[in-house]
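Here are a few notes to read alongside the model. Have a look at it, then work through the points below.

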Amino acid sequence: MTQPIRFLSGIQPSGRLHLGNYFGAIAQHIALQSEGEALYFIANYHALTTVNDATQLRELTRDVAATYLALGLDPQRATLFRQSDIPELHELAWLLATVTGMGLLERAHAYKDKVARGVPAKVGLFYYPVLMAADILAYRSNIVPVGADQAQHVEMTRDMAGYFNHAYGETFVLPEARVSEAASVVPGTDGQKMSKSYGNAIELFADDGALKKAVMGIVTDSAPVDAPKDPTKNVIFQLYALAASPAEAAAMAEAFRAGGYGYGEAKKALLAKLKERFGPARDRYREWLKRPDDLEDVLRAGATRARQVALATIDAARRACGIA
Ligand code: ADP
Ligand code: TRP
């Protein structure tokens, strides 16, 4: 029996979403809603590993929902829900943990990077990939669209599914990551990977003042205006190329190569392009935030659908291992 294509991804409500999240993950999520069955959830349990303020977590959860809806997620086509509306997930995570070796988790880059950056090494942070595997396996998804930094977690999920299937018989579908090729690593204002935790992010729906400040703050070298410049080596061009049409990007590349085109001018062009591209969605986002009850209705309806799939898988796993 062939399974229909089911896309599943999660996004943590651990800060306001930025261009890296959009081009690396959200844009694909939204495009895929017309290519198969799509389920996307707000990973609020995962966010507890970094957000420890209840009011903020609730607010950021609504913020992610409003962001997706404003950017074109159609709740009639795709299922948008809150991870915590299916708390049975933790049972599945436990079943997976009992067949998973410490060594697999010890190799997780995301864990090592976070600890190296000073995030306290809590048990939850270490266990994070197990909960993520439960997310992916519970919904029997075959394709997981994520940014490049999450691909290893999807590989680990395949391993955990394999250990369980090996011990108890075929129970889980093995998923595959799909990484956006155009934007596997979107650079931030300092040239490093854009991340809300590096202070180098350009928020998607920042107000005009904050957007201008972030764009004007992009770090450049000190080449004079007249000098020809290599566009592939600068963040202004890389971000512009993601937001603009191919013809517009080619025109900016040409201007940089020819010389006589300064970084200040390019920043202005980037700022204008970001406003043009995301301005209408920003208006819709603000409208959604004024209607928290409607946001809640979308998330509840999504959870009802997601729950059916998850509970059937969790039940199968319980039976396979002798809990039920
Ligand atoms: P952050 O690094 O800002 O905390 P998350 O880890 O919450 O972002 O990422 C959410 C999604 O966005 C993931 O699928 C991740 O791979 C993607 N993503 C985040 N930052 C980038 C980036 N700079 N380039 C490409 N994709 C990104
Ligand atoms: N770890 C992912 C991130 O930081 C979020 C996430 C949680 C996720 N569970 C998932 C992504 C399941 C894909 C599938 O971006």
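1. Which residues does leucine 71 touch, not counting residues up to four places away in sequence? They are Tyr22, Ile26, Ile30, Leu204, Phe205, Phe278 and Ala281, where contact means heavy atoms within 4.5 Å.

2. A word on the basis: this is a predicted model, where local features need pLDDT of at least 70, side-chain atom pairs count only at pLDDT 80 or more, and totals for chains, interfaces and linings use all residues. Residues are numbered from 1 along each chain as its sequence is written, and side-chain values use heavy atoms, with hydrogens and water left out.

3. Leucine 71 sits in the loop between H3 and strand S3 (79-82); helices here are DSSP runs of H or I with at least four residues, strands are E runs of at least two, and both are numbered from the N terminus. Leucine 71 is buried, at a relative accessible area of 14% (buried means under 20%, with a 1.4 Å probe and protein chains only).

4. Now look at helix H3 (residues 54-70) against helix H12 (residues 263-289): they pack at an angle of about 135 degrees, axes 8 Å apart. On the H3 side, Arg62, Asp63, Ala66, Thr67, Leu69 and Ala70 meet Ala281, Arg284, Tyr285, Trp288 and Leu289 of H12.

5. Over in H8, the buried residues are His153, Val154, Met156, Thr157, Met160, Ala161, Phe164 and Asn165.

Note on methods:
Chains lettered and ligands numbered in written order. Axes fitted to C-alpha atoms, helices over the stretch in contact; angles between N-to-C directions. Buried < 20%, exposed > 50% of the residue type's maximum accessible area, 1.4 Å probe, protein only.
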